Amino acid sequence: AAGTNWRTDLEVYNLGDVMAQYEIALLIRDEDNSSPTIVSFHLHAGQAVRYNDILNSVFGFNGSAALWVRVTTGL
């Protein structure tokens, strides 16, 4: 609004003692999100990763959206 430019940073931490696998889905505002773009990642136990401006850096997207994070293996 009023010319503002929002960015979203996301940090993921694996607090478990095994490697975790997870997916992040991009849910674009006012779009049919029944088949969203999904990117898969893995993260070693006890490690963290930060995604700066995740919409652009991971998905190459600029606009309004939500993220869905789902753990597929591990904690």
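**Entry 1: accessibility of the charged residues**

The model is a predicted one, in which local features need pLDDT of at least 70 and side-chain atom pairs count only at pLDDT 80 or more, while totals for chains, interfaces and linings use all residues. Residues are numbered from 1 along each chain as its sequence is written, and side-chain values use heavy atoms, with hydrogens and water left out.

I then read R50, which counts as partly exposed at 46% relative accessibility. E11 is likewise partly exposed, at 48%.

**Entry 2: salt bridges**

Helices (H or I, at least four residues) and strands (E, at least two) are DSSP runs, numbered from the N terminus.

R50 also forms a salt bridge with E11, again with the closest N and O atoms 3.2 Å apart. Here strand β4 is linked to strand β1, and the two residues are 39 apart. I therefore noted D9, E11 and R50 as a network of salt bridges.

A further salt bridge connects R29 and D30, whose closest N and O atoms are 3.7 Å apart. R29 is exposed, with a relative accessible area of 55%, and D30 is exposed at 74% relative accessibility.

**Entry 3: secondary structure and sheet**

I counted 1 helix and 5 strands in the protein. Along the sequence they follow the pattern β-β-β-β-α-β.

Which strands form the open sheet, and in what order? I found 3 strands in the order β3-β2-β5, with antiparallel pairing; two strands pair if DSSP finds at least two bridges between them. β3 (37–43) and β5 (65–73) stand at the edges with a single partner strand each, so one side of each has no neighbour in the sheet. On average, neighbouring strands of this sheet are turned by 25° against each other, direction ignored; the axes are lines fitted to C-alpha atoms, for helices over the stretch in contact, and angles run from 0 to 180 degrees between N-to-C directions.

I recorded 8 bridges between the antiparallel strands β2 and β5. A25 stands opposite W68 in β5.

**Entry 4: nonpolar core**

I listed the largest nonpolar core, which has 11 residues, including L10, V12, Y22, I24, L43, Y51 and F61. Such a core is a set of buried Ala, Val, Leu, Ile, Met, Phe, Trp, Tyr and Cys residues joined through side-chain atoms within 4.5 Å. β1 (10–13), β2 (20–28) and α1 (54–57) each supply at least two of its residues, and β2 gives the largest share, 3 residues.

I also examined Y51, leaving aside its neighbours within four places in sequence: its contacts (heavy atoms within 4.5 Å) include T8, D9, L10, F41 and V58.

**Entry 5: totals**

I noted that buried residues make up 23% of the 75 residues. Of the contacts with a separation of 6 or more, 66% join residues 24 or more positions apart. The C-alpha trace spans about 45 × 25 × 15 Å along its principal axes.

Conventions. Buried < 20%, exposed > 50% of the residue type's maximum accessible area, 1.4 Å probe, protein only. Salt bridge = Lys/Arg side-chain N within 4 Å of Asp/Glu carboxyl O.
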